[in-house]
Amino acid sequence: MLEETIEVMNEEGLHTRPANRFVRIAKGLPCKIAIRKGDREASGTSLLKIMKLGIVQGDMVTVICDGSNGADGTSASAEEQQSMETIRAFLREGKEPV
Amino acid sequence: MKKGIAAAPGTGVGRAAILQQRVVPHICAGADPVVPGTLDNELERFRRGRAVAVEYYRSLVERVRTSAGEEEAEIFEGHLEILTGEDLEEAVEEAIGTRHVAAEAAIRAFAVETAREFEELDSEYFRQRAGDIRDIGDRLAEAVYFGSIADSETLAEESVVVAEELTPSATARLDTDRVVAIATEKGGRTSHAAILARALSIPCVTGVEGLVRSVRNGQWLVVDGDAGTVETDVDPDRDRELLKRLAERRQAERDRAEQRRAWSREHEARTADGTSVSLAANVSGTTEAALARELGVHGSGLVRSEFFFMRFSDFPAVEQQVAEYREICRILAPHPVVIRLLDCGADKPLPYARQKQEDNPFLGERGIRLLMNRPEQLRAQVEAISRVAQEGYAIKLMVPMVVTPEEVLAVRDLVTYRDLPVGMMVETPASVLALDRFTETGIVDFVSIGSNDLVQYVMAVDRGNAAVAHLSEELHPAVLAAIAQVVRLAHGAGIPVGVCGDMASRPDTALALLALGVDSLSAGISAVPEVKAAISVVTTRELQELGEVLRTAPDAATARAATAVLADKCPAPWEQEVQ
């Protein structure tokens, strides 16, 4: 499992449109994605739950990527790291995987 | 007269068309238990209804994509996701399974609860989404109960749309050509209806308490989107004169706008004694280029390419840029088009450029500085412009925020088509004071004064800061001296001088620029007719005399007064020609 705190740079935060894009991206990743703001957490595949976090530009959110573990059983696996990279690129730069 | 929130400007007069949504009977909306043993049936009804709703929202996405554009369509794609998402399904199954309610009631309960959660959020945007959720729930319940979702009834011409809340799905179905105004009980300035109304220039008032109750279908209403009021006490017999006057005024406004455009289209920018002036328009994309062409302009002296970049989530590829620049050139052909290289940073951040936080962004990484630090992006943009030039279009390249010749040379090195004219914006004191280093070395083919930044940097004042805004004076002797110096040095080297800032977009300052010897102006689209009209009533001699005054004026007030004398000669010629 991999956790990282990321600042949301997108001007619209996670309004309906960007949040829906987020869900689409999360659904395509090999890990289970969750996103946390403050003490509330939402599944990365639930648009409603994500929108209910009310994420706006400048918010610090914690992203959790949960896939199979690395070779030693504890460290993050390559697929978790890749998933995190994809999510980070979207939240910070609005970049979407092709 | 009823008071609400001014959500979109303008005045609309017409007959009320109350938008009714089909109401699912109370028995289904309450918590009335379903007879045990029919639970499977309720789940089945939910699934069938949802399939109908999904089809409906899919068609809505397509319809909105053509009527309002991709951004709006994506919002309804989000609604589609909510409709098919796990949360809704789980909640409905749970309610039917444990509380034994009808499918409609289960849907309603979920929508009401979710809307309430949204209403508790800090951000106004997210609070307004409560209405979206209720809308989705209502449409789904409608689909379950009726087996279909009603499309909007046909609106009469000149309707004032009245609704308790104009939901996104209802707004998307409106035949907006027939809507003269919108008035709603719920919603604020950021509700979906308000945003759409502003985009479509339809006057809109939201938050009018008790509106639907007090209005009959077909009743006359006057909606004032500036004052935020709805006049319901309109009697067509008693107020015939008033209604006629308002309708006439609306028509007159439309006619006047068309006359103004037509006058501009049919007249060249030419002084009273026949000297032709090159007047172009500033545009930010193809839509504005088409509007500019309708006004009869000499191409574009400033294409703000950053607006194109802002439509993407990463730097657009060379091919994408080529297509955009070529289309702008095609629209404005045969006139020249000046593409300004990406001018982001400071007040125009580009999210994916990932700039570091700056203490002083206006003295930081903006304009060409941002591109110099991203050589691949600089190369891509210069290549795109070069390619369009090679195709034979009258395109030019302009470098923003220049302070040293090295910056222009770096761009020149990347130009792949030899005959592409390369110019620079003059907007920093450094480029004014050392302009001969650019003009005498043959590295620029043209210069264009960016008056907004030039005034800001010469006067050292932020015009957006109310405490010092009064010092932001375009006709201050220092600014006039800077412009005069640019003209002198550039002309000395045989290089033409343009202006593409706000100074070129107002009749008085535009005349001042011509008086100082500027060769061409590029004005904002909305200002083109007025600037053209101002030019048409002055003579070359009057401009020369104004130039003398401006070059020696002891202060801004003197310069203003002398300029006003000429600018005030100019009423709106399109109005005179009508009478």
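Analyst: Contact means heavy atoms within 4.5 Å. By that rule Glu391(B) touches Val322(B) and Arg326(B), once residues up to four places away in sequence are left out. This is a predicted model: local features need pLDDT of at least 70, side-chain atom pairs need pLDDT 80 or more, and totals for chains, interfaces and linings use all residues. Residues are numbered from 1 along each chain as written, chains are lettered from A and ligands numbered from 1 in written order, and side-chain values use heavy atoms, without hydrogens or water.

Start with Glu391(B). It sits in the loop between helix H14 (375–390) and strand E12 (395–399) of chain B. Helices (H or I, at least four residues) and strands (E, at least two) are DSSP runs numbered from the N terminus. The C-alpha atoms of Glu391(B) and Arg326(B) are 8.8 Å apart, although 65 residues separate the two along the chain. Glu391(B) is partly exposed, at 40% relative accessible area. Buried means under 20%, exposed over 50%, and partly exposed in between (1.4 Å probe, protein chains only).

Next come charged pairs in chain B. A salt bridge puts a side-chain nitrogen of Lys or Arg within 4 Å of a carboxyl oxygen of Asp or Glu. Over all chains, the search finds 60 salt bridges. One of them joins Glu42(B) and Arg45(B), with N and O 2.9 Å apart. Why are these two about one helical turn apart? They are three residues apart in helix H2 (residues 39–67) of chain B, so about one turn lies between them. An α-helix has 3.6 residues a turn, so residues three or four places apart point the same way. Glu42(B) itself is buried, at 6%.

Two more pairs differ in cover. Glu120(B) and Arg116(B) form a salt bridge, their closest N and O atoms being 2.7 Å apart. Glu120(B) is exposed at 56%, and Arg116(B) is partly exposed at 37%. Arg340(B) and Asp343(B) also form a salt bridge, at 3.3 Å between the closest N and O atoms. Here Arg340(B) is buried at 5%, and Asp343(B) is buried at 4%.

Now look across to chain A. The contact takes 25 residues from chain B and 26 residues from chain A. Eight salt bridges are found across this interface. Helix H3 (70–84), helix H4 (86–99), helix H5 (103–119) and helix H6 (124–146) of chain B each give two or more residues to the side that touches chain A. The largest share of that side, eight residues, comes from H3(B). Lys95(A) and Asp314(B) form a salt bridge, with the closest N and O atoms 3.6 Å apart. A network of salt bridges links Arg24(A), Glu62(B), Arg65(B), Glu70(B) and Glu77(B).

Finally, turn to helix H1 (residues 16–27) of chain A. It has 12 residues and reaches 16 Å from its first C-alpha to its last. H1(A) is mostly covered, with nine of its 12 residues buried. Among the buried residues are Pro18(A), Phe22(A), Val23(A) and Ile25(A). What do the buried residues of H1(A) pack against? In chain A they meet strand E2 (32–37), helix H2 (47–51) and helix H3 (78–93). From chain B, H3 and H6 join them.

Key: The expected span of a helix is 1.5 Å times one less than its number of residues.
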